[in-house]
Amino acid sequence: MEKIVIIGGEPLQGTIEISGSKNASLPLMAASILTNESVILDNTPNLADIHTMGSVLDSLGVNFDKSKLIENNQIKLTYQESDKALAEYDLVRKMRASILVLGPLLARKREATVSMPGGCAIGARPVNIHVDALAKLGGEFNLEKGYIKCEAKSGLKGAKIELPMISVGATENIIMAASLAKGETEITNIAIEPEIIDLIDLLKAMGAQIEVGPNRKVLIQGVDELHGATHTVIPDRIEVGTYIIAGAITQGDLEIRNINFDHIKNLLSVFESLGVDMIKSDNNLKVKISDISKSIELDTREYPGFPTDLQAQMMVLLSLSNRSSVIRENIFENRFMHVPELNRMGANIEINGSQAKINPCNGFSGAQVMATDLRASVSLVLASLIAKGETTINRVYHLDRGYEKLENKLASCGANIKRIQ
Ligand code: EPZ
């Protein structure tokens, strides 16, 4: 089992290049099922989750060409009509986002059998909204032996769909399916994360007729078929937020490159309100010495609100303030798994239901810690960058799911970090 060992205390100085977005890449990959032609994705991050999605797609008849992934961050996906429509449990359980093959398969093959993804460390994460929305397009569902079986013998038909709650994955599934449904589909209460807009951009490049309106509404005119396309994955806004925090807490002088500032407007204002000193230029951001002396009350919300995927990382930054702050986790029911580990390193965080109170502490000290989920594990990396002494982080496979070349990027800016077997 690989571990990461960090000796804290080094200010980060230098340049970090942001990779393509994991949470944009995964639905973009699933969209390849919607056409027999090739979908080429540039700026795809070389992450474990990309390989997992590639394996799921491969098992469904998609040729996943990753020969240029390491060198050029390019993948090519070509769906060859096949009778396979079963996404196996042992693949799906590794990554919930496998559920994103459901809509495309139903649209293309008029049938699909996908394992229930099951919960994960941060919550039950049901897929009822996905299923109910696809049923409105004509999918007939039943659940048996842990699998979602669905079919639409006469194909999908457009419908009016009001999503009962905002869901990123359900929005992605239903938009992909509706692209090939007969007639018009109007969906309201959609999620509007940049990753969803990126998926819509690819679908439109493939010939889909999609119009995003105001007030979380989208209108889709189904087409008979979609063609191939080449698309560049947007930068990972969560990675950007993570490295801004890394620069701020290490009191370094860090330049972060390849940023799409349209995706992080509200995020930057939160950092500014906390006293993080940043200078924007083109697509880059310099994070300078920061005096974190403010207190804040933060709610995680659907985009454009504060992202839940930065909640764990934010706790490390707020721990450096000399005043208490509060974060309320409104998206997932169990996303404070990092708190006991951070407290073991010296943080002073109190949990009360979905609310965390981050109090001033006397800094962090190195420890043996355990990663639990992707974002929790990177918050432990952040804490160890400023901890006195050595920290060993176990189960680093969580990190490899979502942060490309993490230790290389940090080490190139002076962090004392290495991966050991
Ligand atoms: C996406 O997950 C992201 N994953 C998550 O990032 C992110 O935290 C989440 O959106 C929220 O922004 C990918 O894009 C691959 P949801 P998703 O459906 O689509 C409930 C990371 O670290 N819900 O918006 O699964 C659900 O339980 C990951 O990169 C239902 O109840 O999130 C949750 O409480 C973690 N029924 C809330 O909605 C459903 O059918 C939001 O979930 C679907 C969701």
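Predicted model: local features only at pLDDT ≥ 70, side-chain atom pairs only at ≥ 80, totals over all residues.
Q: In which sense do S12 and S13 pair, and over how many bridges?
A: S12 pairs with strand S13 (residues 217-221) in the antiparallel sense, over 4 bridges. As for individual residues, Val 212 has Val 218 in S13 as its bridge partner.

Q: How is a packed pair of helices described?
A: Two packed helices are described by the angle between their axes and the distance between the axes. For helix H10 (residues 265-274) and helix H11 (residues 311-318), the axes come within 12 Å and cross at roughly 15 degrees. Angles under 35 degrees count as roughly parallel, and H10 and H11 are therefore roughly parallel to each other. Their crossing is right-handed. At this contact, Val 270, Phe 271 and Leu 274 of H10 meet Met 314, Leu 317 and Leu 318 of H11.

Q: How do the axes of H9 and H11 cross?
A: The axes of helix H9 (residues 237-249) and H11 come within 10 Å, with a crossing angle of roughly 15 degrees. H9 and H11 are therefore roughly parallel to each other, and the crossing of this pair is left-handed. From H9, Ile 238, Thr 242, Ile 245, Ala 248 and Ile 249 meet Gln 313, Met 314, Val 316 and Leu 317 in H11.

Q: Which residues of the largest nonpolar core touch the most other members?
A: A nonpolar core is a set of buried nonpolar residues joined through side-chain atoms within 4.5 Å. The largest one has 76 residues, of which Met 29, Leu 34, Leu 41, Val 101, Ile 175, Ile 187 and Leu 203 touch the most other members. Helix H7 (residues 168-178) gives the most to this core, with 6 residues. Apart from this core lies another, of 67 residues, including Ile 238, Ile 244, Val 287 and Leu 342.

Q: What is Leu 41 in contact with, leaving aside its neighbours within four places in sequence?
A: Among the contacts of Leu 41 are Ser 25, Leu 28, Met 29, Ile 75, Leu 202, His 231 and Val 233.

How values were computed. Residues numbered from 1 in each chain as written. Heavy atoms only, no water. Pairing = 2+ DSSP bridges. Helix = DSSP H or I, 4+ residues; strand = E, 2+ residues; numbered from the N terminus. Buried < 20%, exposed > 50% of the residue type's maximum accessible area, 1.4 Å probe, protein only. Contact = heavy atoms within 4.5 Å. Axes fitted to C-alpha atoms, helices over the stretch in contact; angles between N-to-C directions. Parallel < 35°, antiparallel > 145°, perpendicular 65-115°, else oblique. Left-handed = near helix turned anticlockwise from the far one by under 90°.
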